[in-house]
Amino acid sequence: MYINQYVCISPDKVTINNESSIINEEKSDFRVFTKQIYRSYALQYPKFFKMDEHSRLGFLAASLLLGPEPELENENTAMVMMNAESTLFTDSQYKESISGIPSPALFVYTLPNIVMGEIAIKYKFKGENIFLVEPAFEAQKLYDHTSLIFDTTPTQSCIAGWVNVESTKNYLAVLYLVERIANSQKCITFDPTNIEKTFQS
Amino acid sequence: MKKVYVLSDNVISPLGMNSEENFDNLRDGNSGLHYLDNNPFTTEQIPLGSLDWERIFNHCNEHEIDGHTKFDSLVLLSLSKAIAESNIRSSADNVIFILSTTKGNIDHLGANNGKSFLWSTAKVIQKHFNTAHFPLVISNACISGLVAINTARRLLASGKYEHAVVCGADILSDFVVSGFLSFKSLSAEPCKPFDAKRDGLSLGEGAGTIVLSIEQPAKPEVIEVASGASSNDANHISGPSRTGEGLFLAIHKTLASKNLQPQYISAHGTATPYNDDMESRALKRNNLENVPVNSFKGFTGHTLGAAGTIETIFGIHAMRHNYLIRSLGYNEFGVAEKINIITKNQAYKFNVFLKVASGFGGCNAAALFVKHE
């Protein structure tokens, strides 16, 4: 299996296949920086602005990873994602709303798998979804669970990686497109060592 | 691929402290949904499937489970009871623990004690049972329990481990109750899955643990975890697909891989108008409209991350007893497609059982269980 493409979004920069694409020179906060990325890539998806930070981050990373019309089999494209925070950043915001008028628009985002739902809606992906919560990023575990999906289901491609929002200053998304076949010259073998490399890009 | 079998199980729900006590109450038609005096979660008059926490902590004392949060105590107790009934050694290298939950210790949010991290419970499990591997935590909304069972089956079938201990759990909190109230999805009465007058769900809490193994139990009758799949609707994050697309696909993939037809279906059946309509369409599209189907939500309420494991265990016990439990709360037909809703308890010999679930994020899952005699 191969990583055909990978994207990393951190508070400092955006990298695609380990090449810097956007630098957050002004150290803008989360909302401003993600809007800048959205505009730079001319994304047109008004619902993006209704998403919580966790879904925004993952959705943005997936959009950069896949472009407007990836050639993937909708029914056989899976998602395997992992983080440490689940949606605690959004949970705290929702909790604050309880004493006044609880916000259904926030409540729906208090589940970590919602980001996979948002990506599925945009790209019509109907494959397997799994969201794992771990104390820290672990390349081996991501490798094991992505491999397991390929080994035991008809999955042909998988959007896999880490989407974690601790705060508007501390967040990280590393998503990659894993496929059974190599389809780009920049592809790298899908193994724990290379996953570790993508995480440090 | 190796075959995967059920070794033991436990359910702690509003209906009881073990699977047998739960099944007796299901058979007797006793609902665990009640209007609480001094409801700690809301001033709204809604029934809840709340646990008897005094009884739980008493049982915890007997099992030397002490000094933990409500959620962690519930998880440890359910795990302890299920493991005690299996012959596995919890610290062995060939055992993997999997926890499925939506919100874990959400009642500790803001307490600054680290408990609200979902993985904090995995740490507690690892320490209590001295597990060889750090337990996996799966959080996929209301299909979490089935995703955990499907993942366990795959891990065992592919030879990664020999035994898996899967616990689904969630507890009631002002967080979750206010959230579902804000969505206007809670009924003022005990929920009525598939009924014409259904107007929302009822929330519950509980834990369900199932121990799986590649070792075939030395019993006259064994339950095999045969297949399973998940699929996204790719349609909406907080409402099901009108056509039941994702659930249709999850069921279709689950059945196609085994070429088996279920003889009984435990539906998700939340009793929201949209969910139950959607499920009826997904069943019809798979030509399952004549297969007896029920929802257990009228007994326990919706236990969220625990629903997949708790209701799977209920279905397995129904299959062991060759007995169908009526869909409590159902009186008058009222879903989009004609399906065969179980209206009274009955003896019924069957060997193939399908469990399905759907949840926020457009996710759907199915799993198939086969009884071999």
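This is a predicted model: local features need pLDDT of at least 70, side-chain atom pairs count only at pLDDT 80 or more; totals for chains, interfaces and linings use all residues.

Colleague: Start with α7 and α8 of chain B. At what angle do they cross?

Modeller: The axes of α7(B), residues 245-256, and α8(B), residues 273-285, cross at roughly 40 degrees and come within 8 Å. Angles between 35 and 65 degrees are neither roughly parallel nor roughly perpendicular, so α7(B) is oblique to α8(B).

Colleague: Left-handed or right-handed?

Modeller: The crossing of α7(B) and α8(B) is right-handed.

Colleague: Which residues make that contact?

Modeller: From α7(B), B:Leu247, B:Phe248 and B:Ile251; from α8(B), B:Met278, B:Glu279, B:Ala282 and B:Arg285. By class, the contact has 5 nonpolar and 2 charged residues, with no polar ones.

Colleague: And α3 with α4 in chain B, how are they packed?

Modeller: α3(B), residues 70-84, packs on α4(B) at about 45 degrees, and their axes are 10 Å apart. That angle makes α3(B) oblique to α4(B). The crossing of α3(B) and α4(B) is right-handed.

Colleague: Which residues are involved there?

Modeller: α3(B) brings B:Phe71, B:Asp72, B:Val75, B:Leu76 and B:Leu79, and α4(B) brings B:Thr121, B:Val124, B:Ile125, B:His128 and B:Phe129. The contact of α3(B) with α4(B) counts 7 nonpolar, 2 polar and 1 charged.

Colleague: Switching to chain A. What span should α6 have, going by its residues?

Modeller: α6(A), residues 139-152, has 14 residues and should span 20 Å at 1.5 Å a residue. The C-alpha atoms at the ends of α6(A) are 20 Å apart, so the two values agree.

Colleague: Which residues of α6(A) are buried?

Modeller: A:Leu142, A:Tyr143, A:His145, A:Thr146, A:Ser147, A:Leu148, A:Ile149 and A:Thr152.

Colleague: What do they pack against?

Modeller: In chain A, the buried residues of α6(A) pack against β4, β5, β6, β7 and α7; in chain B, they pack against α5 (144-157).

Colleague: That brings up the interface. How many residues are in contact between the chains?

Modeller: 39 residues of chain B are in contact with 39 residues of chain A.

Colleague: Which elements of chain B supply that side?

Modeller: α4, β4, α5, α6, β8 and α7 of chain B each supply at least two residues. The largest share, 6 residues, comes from α6(B).

Colleague: What classes of residue does chain B put there?

Modeller: The side of chain B that touches chain A has 19 nonpolar, 18 polar and 2 charged residues.

Definitions and conventions
Residues are numbered from 1 along each chain as its sequence is written. Chains are lettered from A and ligands numbered from 1 in the order in which they are written. Axes are lines fitted to C-alpha atoms, for helices over the stretch in contact, and angles run from 0 to 180 degrees between N-to-C directions. Helices (H or I, at least four residues) and strands (E, at least two) are DSSP runs, numbered from the N terminus. Angles under 35 degrees count as roughly parallel, over 145 as roughly antiparallel, 65 to 115 as roughly perpendicular and the rest as oblique. A crossing is left-handed if the near helix is turned anticlockwise from the far one by less than a right angle, and right-handed if clockwise. Two residues are in contact if their C-beta atoms, placed from the backbone, lie within 7 Å. Ala, Val, Leu, Ile, Met, Phe, Trp, Tyr, Cys and Pro count as nonpolar, Asp, Glu, Lys and Arg as charged, and the others, Gly among them, as polar. The expected span of a helix is 1.5 Å times one less than its number of residues. A residue is buried if 20 or more other C-beta atoms lie within 10 Å of its own, exposed if 12 or fewer, and partly exposed in between; C-beta atoms are placed from the backbone.
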